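Visitor: I have a model open and I'd like to learn how to read it. Could you take me through it feature by feature?

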Amino acid sequence: MKNSFLFIVLTLFLTSNICAGKLSDIKVFNSNGDYVTYKVEIVTSPEEQEKGLMFRDKLKIKEGMLFIFDSPKKASFWMKNTLISLDLIYIKKSGLIDSIHQDLEPMSLKKIKSKSKVKAVLEIPGGDSRLYGINNDSFININTKNVFIFIKPN
């Protein structure tokens, strides 16, 4: 009985949408076939999305934050209380780039809007999109696979 309960809890937890705060590797593919891998913190809840990278004083090389929305929407971000420069990449449901905003000014209250409805937003260190050749022809795979853990009952 105890193992069955544990199985159900773990299955529900791990097969739900991506867990907020989870670190995951994503690849950004460029039109020439090259790619760069980022270790990203994934946030899905409105509260975590509202906070984002506020008050953080650094991002490590090839690290970022990926915001995934329940459904595609027109998105708007700002740099309020964000202490570091960021590149902001709006991503369509297909994984294609909607738009890229580079070297955003820390602490700015200027709204940065997507051109169309997007499924996700990737924040990376300011200048990275230029450094790694990320452009409007790039592709980011934002699809995730569910993980199942099977515990053999006693």
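Visitor: Let's go with the aromatics. Which residues form one aromatic cluster?

Guide: Keep in mind that this is a predicted model. The cluster is made up of F29, Y35 and F139.

Visitor: And how do I describe two rings that sit together?

Guide: The general idea is that you give the distance of the centres and the angle of the planes. In this structure there are five aromatic pairs. Take Y38 and Y132: the ring centres are 6.4 Å apart and the planes stand at 90°, so the pair is edge-to-face.

Visitor: Where do Y38 and Y132 sit in the chain?

Guide: They come from distant parts of it, 94 residues apart. Y38 belongs to strand β2, while Y132 is in the loop between α3 (128-131) and β9.

Visitor: Is Y38 buried or exposed?

Guide: Buried, because its relative accessibility is 0%. Y132 has a relative accessible area of 24%, so that residue is partly exposed.

Visitor: Which charged residue lies over the face of F69?

Guide: That's K73, placed 4.4 Å from the ring centre.

Visitor: Now the inside. How do I read the largest nonpolar core?

Guide: Look for the members that touch the most others. This core has 18 residues, and the ones with the most contacts to other members are Y38, L66, I89, I91, L122, I134 and I140.

Visitor: Which elements give two or more residues to this core?

Guide: They are β1 (22-29), β2 (35-43), β3 (63-73), β5 (86-91), β6 (97-104) and β8 (118-125). β2 supplies the largest share, four residues.

Visitor: What is I91 in contact with, leaving aside its neighbours within four places in sequence?

Guide: Select I91 and you'll find L66, L96, D98, V118, K119, A120, L122, I140 and I142 in contact with it.

Visitor: Next, the strands. How many bridges join β1 to β2?

Guide: Eight, and the two strands run antiparallel. Together β1 and β2 form a hairpin, with five residues between them. Check G33 in the turn: its phi is positive, about 95°.

Visitor: Then let's do charges. What's the general idea?

Guide: Side chains of opposite charge can pair when their charged atoms come close. This structure holds three salt bridges. One of them joins K39 and D25, whose closest N and O atoms are 3.0 Å apart. K39 is in strand β2 and D25 in strand β1, 14 residues apart. K39 is partly exposed because its relative accessibility is 35%, and D25 is partly exposed at 48%.

Visitor: Which residue forms a salt bridge with E41?

Guide: R56, with the closest N and O atoms 3.1 Å apart. R56 sits in the loop between α2 (46-51) and β3, and E41 in strand β2. R56 counts as partly exposed at 31% relative accessibility, whereas E41 counts as buried at 18%.

Visitor: And what does D103 form a salt bridge with?

Guide: R130, and there the closest N and O atoms are 2.2 Å apart. D103 lies in strand β6 and R130 in helix α3, 27 residues apart. D103 counts as partly exposed because its relative accessibility is 37%.

Methods
Residues are numbered from 1 along each chain as its sequence is written. This is a predicted model: local features need pLDDT of at least 70, side-chain atom pairs count only at pLDDT 80 or more; totals for chains, interfaces and linings use all residues. Side-chain values use heavy atoms; hydrogens and water are left out. A nonpolar core is a set of buried Ala, Val, Leu, Ile, Met, Phe, Trp, Tyr and Cys residues joined through side-chain atoms within 4.5 Å. Buried means under 20% relative accessible area, exposed over 50%, partly exposed in between (1.4 Å probe, protein chains only). Contact means heavy atoms within 4.5 Å. Two strands pair if DSSP finds at least two bridges between them. Rings of Phe, Tyr and Trp (its six-membered ring) pair if their centres lie within 6.5 Å; planes under 30 degrees apart count as stacked, over 60 as edge-to-face and the rest as tilted. A charge sits over a ring if NZ of Lys or CZ of Arg is within 6 Å of the ring centre and within 35 degrees of the ring normal. A salt bridge is a side-chain nitrogen of Lys or Arg within 4 Å of a carboxyl oxygen of Asp or Glu.
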